[in-house]
Amino acid sequence: MIKGELPPLGLGEAEERAYEALLLERADRVEELAHLLGLPRERVHAALDRLVEHGFARPADPDERGGLPHPAAPAAAIRTLIDRRQAELHRRSAELERLRLTAERLAAERAAGTGAAGVGGVETVTGRRAVDERAGRLLAGAEREVLVMDRPPYAGLDVGGLLARGVEVRAVLDRAGLTCPARARAVAALARRGLRVRVTAGVPTRLVAVDRRVTLLPPADAADPRAYGLVVADARLREVLVPLFEAVWERATPLDGRPPSEPADGAEEQGGGEQRELLRLLAAGLKDEAIARRLGVHVHTARRRISRLLEALDARTRFQAGARATARGWLES
């Protein structure tokens, strides 16, 4: 696994390599595993502890000193972690809803003349033109990073200008808005220029966060002349919004520079019968020989099919393939 490839799992390269070694029974003791991985014994111990902590393995037998933990089936462990992330996302969404209610109260007080813009670190910006101008000023001041969550109708943000200035931009886009081929091609072109973009269904809110210091919540309906956006500068409120973005980002699917409707070269239809069965066998941690027997083919044929599947998923390892397939829901039906 590329380091940081699967941040929601909380695992790095050492943890994944150790996990695959456990699945394939390549070592019997910690010292042997450390030698196999070419890592210090302390680092291997830490990796094994994290695997146990995240549910990817059960502790080693207490009477077997220096023994290795017992690996759990990948599909079950990954689904447990996905459930945890979903629960966290629901919690963040509830906090965001409370923020919206507070903002609506502040906006009502302002309209009645009893409040003022900027109360509680929240500034109200009314009207599409005013929101667009405020967004432009915020983006112009970006120095390091801009985070975007957007859904139709998409905001007209100058992402290309940010990328040209060397600002890192990560965006989560609602899949429903990319059914237009022209829009999908435009997003894919920006991805090839450096935009890190993921897609998902049901983006919970529109959001633009600049350098993690100020966040703009554009209006849900920009066409409504009475619609207003919120500029959040209070640190306590940002502690809700940025983690909300990260939770959605972690569960979204990478676009990888291609429109969502355009599959990777060599990829079969998601959930195709043989491919789905092969994915399930990999996710269950079966060895090549067992997979070949289950599929009724020679072991060399099974290995060729596994290699093609890894290539189609752009995965370096079987664990990464199982993780990506599970996270995308390919194994659910």
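Student: What is the mean pLDDT of the chain in this predicted model?
Tutor: In this predicted model, 78% of the residues of the chain reach a pLDDT of 70 or more. Taken over the chain, the mean pLDDT is 76.

Student: Which element of the chain has the highest mean pLDDT, and which the lowest?
Tutor: The highest mean among the elements of the chain is 91, and it belongs to E4. At the other end of the list, with a mean pLDDT of 67, stands helix H4, residues 74-111.

Student: Over which residues does pLDDT stay under 50, with 23 contacts beyond four places in sequence?
Tutor: One stretch under 50 covers residues 111-119, for which the model has seven contacts beyond four places in sequence. The stretch for which the model has 23 such contacts, again with pLDDT under 50, is residues 257-271.

Student: How many helices and strands are in the chain, and what share of its residues count as buried?
Tutor: The chain holds twelve helices and ten strands. Among its contacts between residues at least 6 apart in sequence, 66% join residues at least 24 apart. Of the 333 residues of the chain, the share that counts as buried is 47%.

Student: Why is helix H1 described as largely enclosed by the rest of the structure?
Tutor: The buried residues of H1 are Ala14, Glu15, Glu16, Ala18, Tyr19, Glu20, Ala21, Leu22 and Leu23. Just after H1, Glu25 takes a positive phi of about 55°. Helix H1 spans residues 13-23 and is largely enclosed because, of its eleven residues, the number buried is nine.

Student: What is the volume of the largest cavity, and which element gives the largest share of its lining?
Tutor: The count comes to one cavity of 30 Å³ or more, and the largest cavity has a volume of about 110 Å³. Its lining consists of eleven residues, with Glu20, Leu23, Leu282, Gly285 and Arg318 nearest the centre. Two or more lining residues come from each of H1, helix H9 (273-283) and helix H12 (318-327). The largest share, three residues, is given by H12.

Student: How many residues of the lining of the largest cavity are nonpolar?
Tutor: Sorted by class, the lining of the largest cavity includes two charged residues and two polar ones. The number of nonpolar residues in that lining is seven.

Student: Which element supplies the largest share of the largest nonpolar core?
Tutor: This core has 28 residues, of which Val146, Leu162, Val169, Leu173, Leu195, Val197 and Val210 touch the most other members. Elements that each supply at least two of its residues include helix H5 (128-140), strand E4 (145-150), helix H6 (159-164) and strand E5 (168-174). The largest share of this core, four residues, comes from H5.

Student: Is Thr200 buried or exposed?
Tutor: Thr200 is found in strand E6, and, not counting residues up to four places away in sequence, Thr200 touches Val172, Leu173, Asp174, Arg175, Val248 and Ala252. The cut-off for a buried residue is under 20% relative accessible area. The relative accessible area of Thr200 is 15%, so Thr200 is buried.

Technical notes. Residues numbered from 1 in each chain as written. Predicted model: local features only at pLDDT ≥ 70, side-chain atom pairs only at ≥ 80, totals over all residues. Heavy atoms only, no water. Buried < 20%, exposed > 50% of the residue type's maximum accessible area, 1.4 Å probe, protein only. 1 Å grid on protein atoms, 1.4 Å probe; cavity = no way out; pocket = protein on both sides within 12 Å on 5 of 7 lines; lining within 4 Å. Points joined across faces, edges and corners; volume = space filled by probe spheres on them. Nonpolar A, V, L, I, M, F, W, Y, C, P; charged D, E, K, R; others polar. Core = buried A, V, L, I, M, F, W, Y, C linked by side-chain atoms within 4.5 Å. pLDDT = per-residue confidence, 0-100. Contact = heavy atoms within 4.5 Å.
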